[in-house]
Amino acid sequence: MLTDLLGFPPQVLFGQLLLGLINGAFYAVLSLGLAVIFGLLNIVNFAHGALYMLGAFSAWGLATFLGLNYWAALIVAPVLVGGFGMLIERFLLRRLAGVDHLYGLLLTFGLALVIEGVFIKLFGASGQPYPTPKALTGGINLGFMFLPWYRGWVVVASLIACGVTWYIFERTKIGAYLRAGTENPKLLQAFGVNVPLLTTLAYGYGVGLAAFAGVLAAPITQVSPLMGSNLIIVVFAVVVIGGMGSIMGAVVTGLGMGLIEGLTKVYWPEASATVIFFVMAIVLVLRPAGLFGRTA
Amino acid sequence: MTTKLGYAAALLLLIAAPFFVYPVLLMKFLCFALFACAFNLILGFGGLLSFGHAAFFGGAAYVAGHAIKVWGLPTELGILAGAAAAGVMGLAAGMLAIRRQGIYFAMITLALAQMAYFLFISAPFTGGENGLQGVPRGRLLGMIDLQDNMAMYYFTLAIFLAAFWLIARTVHSPFGQVLRAIRDNEPRAVSLGYDVERYKLQAFVLSATLAGLAGALKTVVFQLASLTDAHWHMSGEVVLMTLLGGVGTIAGPAVGAGIIVALQNLLASGPLSAWVPVVLGVIFVICVLSFRRGVIGELRAFLQKSF
């Protein structure tokens, strides 16, 4: 019965599933960035949401002041924000080497407050519109649902970003160093690898991923100073559910949680804001280390 | 000796203060001081960074407000009901959160608090965006009118002192010693035969209950419980107060709360009012980078070095 799937017309069901998939793609890219950073710095980057917002604002700023289009912004904004991230790592986070990792969390929390506070002061809490790129306006009717091109592109682009990250980590020399640095930074340093530089690069890359997600999000959600702060808490829950052990784990958990959220929006809308936190609670009871996590 | 003198001076100051400073501001300080001291119990002495304490503070604020305004409970019982509700929330959150350590503990408590926040937004008894307004202060034991700010202040002070004493006692008790042993070296505490999880959970529940006491008291003082109380910004603020005053010191969090409340009050009326979150963020960064011992921690180090 394609006209009436479990009491809902397929357009509604698949429409919400697509939205869920898009959210899931953002969860995947953001939690992947968190995992990259966590691997080398052992900290959870609380500023991740703020830097995601910064990515979206960079795209908006590049378009408004320099006339750069979406496709250029997709490359330039992550590079800019990633560079900013490297400065943060080099001049602030590095000074916390050797103290409890909780201080790294607190430092990035403070940074998030500063970045978001400055943008609220500059732009107000309301959003700036960012147009969908011309090539991706419109969509296609698949029969059971309408698929806007841009939304499909967001999912594809996110998966590409995750795939590139996987390739860098598993198939390149620098990826091998990064993995070695995660396991044992002192030994890697003894082999003559510049671990501090590697750490800076890892932080920059993780932040760049967040900014990339921000640019992708810009045409969907409005570009607003608070777009990242609520999202990042959900991403934290996703990270707890999946564990930060593997790239595949982050992708699968991210997409899965997005889909669960989408389904909840159809069948029990009131619970859709909290369902991921519920899943987190259940996972903590049944499998405390997370679905893909290694037991400590 | 210096510590005792310090406490005596602080007590005298608190008793005399409402004659010189606006009592409502002082009560705000006392509520947040209590909140921060309760929070420090789990961070400073248990070594667990909770990023979700606003849920206990805000949850208790709602329960106390509802109990007093809608059910018509006497003020004292309403406050106790709020604290008890926070304790129950703390038990539920704690049982989940202590399954992980370190940064995961922080992320889990934050996520659970966000869940509570969303529930508060949609729950019928919280008044949504408007909050729970016009909660009557009532009469203490049916006799003393708490509408009078002076009476309310000394009532608040009494509760604060009692809770502060309880926290100090807990820290110096055998229970507190074991808690510190777990913080400093968990595997050793396990090998000595301590049920580590039970100690952590008990400390977490106590911390949540006292944070709830602070939230409930705040509702009575301001006659308002709102979403602000339960927002994650509030969780961050209490971390900042504790950090600024001195993590793991008894009086530090109260000092930190005093500084932050005074600062907010100072900035609120000036040209910098829109910059308060930025200022707090900058203080956060500075504290973490170069002031990790906090005011009381630095003071203690200075006294030990000089005398």
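Reader: What share of the contacts in chain B with a separation of 6 or more is between residues 24 or more positions apart?

Author: Two residues are in contact if their C-beta atoms, placed from the backbone, lie within 7 Å. In chain B, 76% of the contacts with a separation of 6 or more join residues 24 or more positions apart. This is a predicted model: local features need pLDDT of at least 70, side-chain atom pairs count only at pLDDT 80 or more, and totals for chains, interfaces and linings use all residues. Residues are numbered from 1 along each chain as its sequence is written, while chains are lettered from A and ligands numbered from 1 in the order in which they are written.

Reader: How many residues of chain A are in contact with chain B?

Author: The count is 31 residues of chain A, against 34 residues of chain B. On the chain A side, 13 residues come from α4(A), the largest share. Helices are DSSP runs (H or I, at least four residues), numbered from the N terminus.

Reader: Which classes do the residues on that side of chain A fall into?

Author: Ala, Val, Leu, Ile, Met, Phe, Trp, Tyr, Cys and Pro count as nonpolar, Asp, Glu, Lys and Arg as charged, and the others, Gly among them, as polar. The side of chain A that touches chain B has 24 nonpolar, 4 polar and 3 charged residues.

Reader: What percentage of chain B is buried?

Author: A residue is buried if 20 or more other C-beta atoms, placed from the backbone, lie within 10 Å of its own. Buried residues are 49% of the 307 in chain B. Its C-alpha trace spans about 50 × 45 × 40 Å along the principal axes.

How values were computed:
Helix = DSSP H or I, 4+ residues; strand = E, 2+ residues; numbered from the N terminus. Buried ≥ 20, exposed ≤ 12 C-beta atoms within 10 Å, placed from the backbone.
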